[in-house]
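Please read the points below with the sequence and the model open beside you. Each point takes up one part of the chain.

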Amino acid sequence: MRQLKVLLSVIVALTFILVPTSSISNAATKTLYVHFINVGQGDSIYIKAPNGEDILIDGGNKDGSDVVAYLKKQKVKDIEVMIATHPDADHIGGLDEVLKAFPVKSVYAPRVGSTTQAYKDFLTAVKNKKLTIKVAKADVVLPIKGVSAKFVGPVKSYNTSDTNDWSAVLKVTYGKKSFLFTGDAETKAETDMVKAKKDLRADVLKVGHHGAKTSTSATLLKAVKPSYAVISVGKNSYGHPTSEVLNRLKSYKVKVFRTDKQGTIIATTNGTTLTFNVKPIY
Ligand SMILES: [Zn+2]
């Protein structure tokens with residue numbers, strides 16, 4: 001009997017030791033952060049999930065030093081999920097440097113390649129980390145706790161020259177708030193996702209292809225019904241973002257943020273409320 005009592009008190013003591021106090025204090029302040037990093041003309045989005053896991057979507061156009069510095073400033077130790085939306089240099093350009101700078105658990109990319117040096121550097125960096133690329137396509141779920149993170153595109157295969165339409169499109173939902181990250185998906189891919197009845201509804205839309213008129217179709221906007229849109233764009237000769245897209249967003253009453261005018265845009269949500277570090281520009 002006495003031995004049983006001792007055993008019980010040991011179990012009680014162990015329970016207290018084994019429940020880390022950090023998990024108790026975190027429970028009240030669980031927050032999802034989405035950083036649309038200002039990388040000039042290109043995309044790089046860093047998501048800090050409520051349980052502390054890190055997702056990086058694309059790595060900008062340059063040598064990656066800007067993204068690495070930004071992540072270090074955010075005290076990122078490792079990256080659970082890296083996503084290369086498609087092989088274009090303004091998206092994967094910096095990912096090799098990020099791979100060199102941080103431990104990375106998984107890399108996702110669509111099943112399309114490129115002959116560019118930037119893409120070769122990316123593949124080499126993945127190989128040097130002894131990682132194999134996981135296929136990013138509709139219905140693939142990311143292993144991130146506390147949120148729903150699921151690819152809703154691409155829903156089919158495209159010509160290898162149409163790399164934009166191959167873009168991995170990710171929907172992240174935390175509580176009542178959701179985000180849609182579209183890479184450079186253009187009208188064809190947008191229409192295919194809508195036709196395939198993918199769940200595209202989101203509070204925040206990362207505008208496709210830096211505001212090119214061949215993306216962010218009315219068909220997509222009707223399905224997403226965003227309250228906010230973020231355009232990741234820098235100095236460019238393509239006329240991004242186009243007045244067509246800005247007008248479409250306006251006609252659907254979407255509030256707009258721009259990295260070229262406002263720098264890095266940070267969205268913060270506890271699953272109920274959603275705030276930004278700056279006010280919408282339109
Ligand atoms: Zn792009």
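**Notes on the model**

1. F36, F179 and F181 make up one aromatic cluster. Here rings of Phe, Tyr and Trp (its six-membered ring) pair if their centres lie within 6.5 Å; planes under 30 degrees apart count as stacked, over 60 as edge-to-face and the rest as tilted.

2. A word on the basis: this is a predicted model, in which local features need pLDDT of at least 70 and side-chain atom pairs count only at pLDDT 80 or more, while totals for chains, interfaces and linings use all residues. Residues are numbered from 1 along each chain as its sequence is written, and side-chain values use heavy atoms, with hydrogens and water left out.

3. By the ring rule there are eight aromatic pairs. One of them is Y119 with F122, a tilted pair at 6.0 Å centre to centre with 45° between the planes. Both residues, Y119 and F122, belong to helix α6 (residues 117-128) and sit three residues apart, about one turn of the helix. Helices (H or I, at least four residues) and strands (E, at least two) are DSSP runs, numbered from the N terminus. Y119 and F122 are both buried, where buried means under 20% relative accessible area, exposed over 50%, and partly exposed in between (1.4 Å probe, protein chains only).

4. Y158 and W166 form an edge-to-face aromatic pair, 6.3 Å centre to centre and 80° between the planes. Y158 has a relative accessibility of 10%, so Y158 counts as buried. W166 is also buried, because its relative accessibility is 8%.

5. Which residues coordinate the zinc ion? They are D90 (OD), H91 (NE2), D184 (OD) and H210 (NE2), at 2.1 Å. In sequence, these donor residues follow the spacing D-H-x92-D-x25-H. D184 lies in the loop between β9 (177-181) and α7 (187-195), and H210 in the loop between β10 (204-206) and α8 (218-224); the two are 26 residues apart, and the pair links distant parts of the chain. Donors are N, O and S atoms within 2.8 Å of the metal (3.2 Å for Na, K and Ca); water is not among the atoms, so sites may look incomplete.

6. The zinc site is irregular, with angles of 86 to 151° among its four donor atoms. Four donors count as tetrahedral if all angles lie between 85 and 135 degrees; four count as square planar and six as octahedral if opposite donors are over 155 degrees apart and all others between 65 and 115; anything else is irregular.

7. R258 is in strand β12 (residues 255-258). R258 counts as buried because its relative accessible area is 7%.
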